[in-house]
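Biologist: Show me the model, please. I want to know what stands behind each term.

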Amino acid sequence: MTALTDTSAVASSYDDLVERVLTGAYGPDPRTRRVSVAFTTRQAVRHEGRASGYRNEVLSLRLAEAVGSCAVEPGELPDGAVEDCVGADVARLLEHGAAPVRVAALDAYLAHVLPHGPENGARPCPLPAGTSLEKSRARAAAVVDLIGVPPGATVLVVGVVNSLLEALRARGLAYVPCDLKGGTTEWGEPVRTDALAELERCDAVLASGMTLGNGSFEPLRRRARHRGVPLVMFAQTGSAVLPRLIGSGVTAVCAEPYPFFWLDGGPGTVHRYGGTL
């Protein structure tokens with residue numbers, strides 16, 4: 001395979017991005033890059049002062065100096081997935097039967113060849129040290145700053161994070177919380193389950209990178225682009241993937257590669273792409 005590297009190339013979709021990687025558009029042949037470490041991170045949290053908590057499970061793959069990640073619902077990762085990844089080349093993992101493995105492999109490869117930094121379009125945003133809630137709120141402020149809609153607008157939030165809802169409310173923005181799990185927010189608001197239906201009445205979309213792993217990202221991207229509304233992604237999953245889709249329906253990304261803010265009480269950094277800052 002002859003690599004025709006063009007790191008400025010904007011993919012038209014997630015599948016197009018994968019095809020570009022496989023044909024060398026962004027760097028070295030993924031058949032020559034092997035994952036050295038694979039691991040999962042499991043977390044349960046209830047921030048002080050909050051009435052409810054949540055759980056996270058994330059698959060992460062180490063490729064040279066980079067780590068790519070994909071969040072999954074707790075217990076959904078197939079048995080043996082971690083073992084499948086160790087020593088495997090990226091191209092093979094991009095064809096794995098489990099979507100989280102494919103996403104984490106793509107994320108690791110792109111983080112390796114296009115690391116977060118000004119040279120690749122990122123603006124670093126420091127997060128201060130603090131409690132889990134303080135860091136959650138700081139991350140939320142960094143995300144919400146990217147939306148760029150006026151007070152009174154309605155934002156569809158796909159992947160409910162209470163600190164994000166709190167930050168939207170502080171900016172005078174209405175929101176429609178949406179998550180496949182349903183339920184209620186910290187403040188008793190019903191969480192919708194059909195994001196595409198709710199998008200029709202919203203002025204912007206704020207969505208989790210977790211949509212990459214559960215298959216809901218592409219329909220959301222296409223619909224937001226069709227309607228011409230901003231689509232801002234907050235991404236622990238696919239933090240290096242989603243910036244490559246800015247200009248193809250995604251308008252901004254707050255990228256948070258491993259280690260995530262909830263793993264350490266010390267200072268950290270998120271990387272913002274696009275938006276109105």
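Modeller: In strand 10, the bridge partner of Cys-125 is Val-270. Bear in mind that this is a predicted model.

Biologist: What makes strand 4 and strand 10 a pair?

Modeller: Two strands pair if DSSP finds at least two bridges between them. Strand 4 (residues 123–127) and strand 10 (residues 268–274) have five bridges, in the antiparallel sense. So they count as a pair under the rule of at least two bridges. Pro-126 stands opposite Thr-269 in strand 10.

Biologist: How do you know that strand 9 pairs with strand 10?

Modeller: By the bridges again. Strand 9 (residues 252–255) and strand 10 share four, also antiparallel. Ala-255 has His-271 of strand 10 as its bridge partner.

Biologist: Which order do the strands of the open sheet take?

Modeller: The order is 4-10-9-8-7-5-6, seven strands with mixed pairing.

Biologist: Why do strand 4 and strand 6 stand at the edges?

Modeller: Each has a single partner strand, so one side of each is left without a neighbour in the sheet. Helix 6 (residues 162–170) packs on this sheet, and its direction makes about 165° with that of strand 6.

Biologist: Which residues of helix 9 are called buried?

Modeller: Phe-217, Glu-218, Leu-220, Arg-221 and Ala-224. Buried means under 20% relative accessible area.

Biologist: Why do you say they line one face of helix 9?

Modeller: Seen down the helix axis, they fall within an arc of 160°, so they line one face. An α-helix has 3.6 residues a turn, so residues three or four places apart point the same way.

Biologist: Where does helix 9 lie?

Modeller: Across strand 5, strand 7 and strand 8, at about 150° to strand 8.

How values were computed:
Residues numbered from 1 in each chain as written. Predicted model: local features only at pLDDT ≥ 70, side-chain atom pairs only at ≥ 80, totals over all residues. Heavy atoms only, no water. Buried < 20%, exposed > 50% of the residue type's maximum accessible area, 1.4 Å probe, protein only. Helix = DSSP H or I, 4+ residues; strand = E, 2+ residues; numbered from the N terminus. Arc of directions from axis to C-beta. Contact = heavy atoms within 4.5 Å. Axes fitted to C-alpha atoms, helices over the stretch in contact; angles between N-to-C directions.
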